[in-house]
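We will go stop by stop.

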Amino acid sequence: MNDLIAYLKEYISEERYRKIETISANRTNHLTVAVENLYQSHNMSAVLRTTECLGIQNVHIIENNFHYQISKEVSMGADKWLTIHRYNQETDNTTTCLQQLKKQGYKIVATMPSEKDKMIDDIDISTPTAFVFGTELLGLSDKAIAMADEFVKIPMYGFTESYNISVSVALTMMNVVQRLHHSDIKWQLSEHDLTALRLEWIKKSIKDVEGIIERYKQLY
């Protein structure tokens with residue numbers, strides 16, 4: 001991968017490559033976001049924009065009843081730089097998603113009030129953690145609740161019963177990302193994942209990149 005990166009660097013500006021290096025160095029897989037069954041595309045697009053800005057690389061979209069469409073005006077191109085996993089092939093996509101996350105070593109934290117809920121500051125993020133957010137009106141499904149390892153609530157001081165979903169994601173993830181960056185936790189990408197991500201982003205920065213890669217293969 002490193003040889004291909006060195007070759008492709010010649011097709012982008014030095015400023016672009018420095019930006020790719022800087023931003024990728026602040027990406028993390030230690031935290032991830034899963035969103036279940038959102039039906040308003042602008043909310044999902046706002047979630048993508050927030051997670052990208054916070055350096056969270058992977059987003060999981062569970063589409064049990066609603067098919068997600070990207071709103072370019074809201075996402076502002078954030079989807080281009082994220083690794084998006086979509087679950088829409090099964091009868092129960094929630095189970096498929098959360099089981100996969102658990103197999104990858106993630107603790108599942110459901111963002112909803114519960115008898116056992118914790119405040120955001122009290123959630124332990126020393127191990128890989130996936131925060132799961134529910135629909136705008138109904139919240140998380142019974143299946144997601146049953147599979148959760150912990151529950152977190154966001155402080156509210158007004159009459160309104162809940163935040164907008166994209167605001168909930170922003171408040172929750174800003175808190176845990178800031179805590180992560182001020183901790184001794186090794187939250188950065190592995191060397192392999194970092195190199196792979198930089199290569200992917202370089203490819204996305206070059207027009208007609210496939211033709212250039214074919215020339216590289218012929219030369220090397």
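Select Arg-27. At 2% relative accessibility, Arg-27 counts as buried. This is a predicted model. The side chains of Arg-27 and Glu-52 meet in a salt bridge, 2.6 Å from N to O. Arg-27 sits in the loop between α2 (14-25) and β1, and Glu-52 in helix α3, so the pair ties together parts 25 residues apart in sequence.

How many salt bridges does the structure hold? It holds ten.

Next, select Asp-92 and Lys-143. Their side chains form a salt bridge too, at 4.0 Å, N to O. It links distant parts of the chain: Asp-92 is in the loop between β3 (83-87) and α5 (93-103), and Lys-143 is in helix α6, 51 residues apart. Asp-92 is partly exposed, at 27%. Lys-143 is partly exposed, at 40%.

Move to Lys-153 and Asp-117. This salt bridge is 4.0 Å, N to O. Look for Lys-153 in strand β7 and for Asp-117 in the loop between β4 (107-111) and β5 (118-119). Is Asp-117 buried or exposed? It counts as buried, at 18% relative accessibility. Lys-153 is partly exposed, at 35%. Then pick Lys-107, Lys-118 and Glu-150: salt bridges with shared partners join them into one network.

Now go inside. Select Leu-31, Met-44, Ile-125, Phe-131 and Met-173. These have the most contacts inside the largest nonpolar core, which has 28 residues. Color β1, α3, β2, β6 and α7: each supplies at least two residues of this core. Helix α7 (165-181) gives the most, with six residues. A second, separate core has 19 residues, among them Leu-4, Leu-8, Tyr-17 and Val-209.

Zoom in on Ile-125. Leaving out residues up to four places away in sequence, Ile-125 touches His-30, Leu-31, Phe-131, Val-176, Arg-179, Leu-180 and Ile-185.

Two backbone stops come next. Most residues other than glycine have a negative phi. Asn-37 is not a glycine, yet its phi is positive, about 65 degrees. Find Asn-37 in the loop between β1 and α3. Asn-37 is buried, at 10%. Asp-208 also has a positive phi, about 55 degrees. Asp-208 lies in the loop between α8 (191-204) and α9 (209-219). Asp-208 is exposed, at 60%.

Last, select Cys-53 and Cys-97. Which one is buried? Cys-97 is, at 0% relative accessibility. Cys-53 is exposed, at 62%. The disulfide count for this structure is zero.

Note on methods: Residues are numbered from 1 along each chain as its sequence is written. This is a predicted model: local features need pLDDT of at least 70, side-chain atom pairs count only at pLDDT 80 or more; totals for chains, interfaces and linings use all residues. Side-chain values use heavy atoms; hydrogens and water are left out. A nonpolar core is a set of buried Ala, Val, Leu, Ile, Met, Phe, Trp, Tyr and Cys residues joined through side-chain atoms within 4.5 Å. Buried means under 20% relative accessible area, exposed over 50%, partly exposed in between (1.4 Å probe, protein chains only). Helices (H or I, at least four residues) and strands (E, at least two) are DSSP runs, numbered from the N terminus. Contact means heavy atoms within 4.5 Å. A disulfide is a pair of cysteine sulfur atoms within 2.5 Å.
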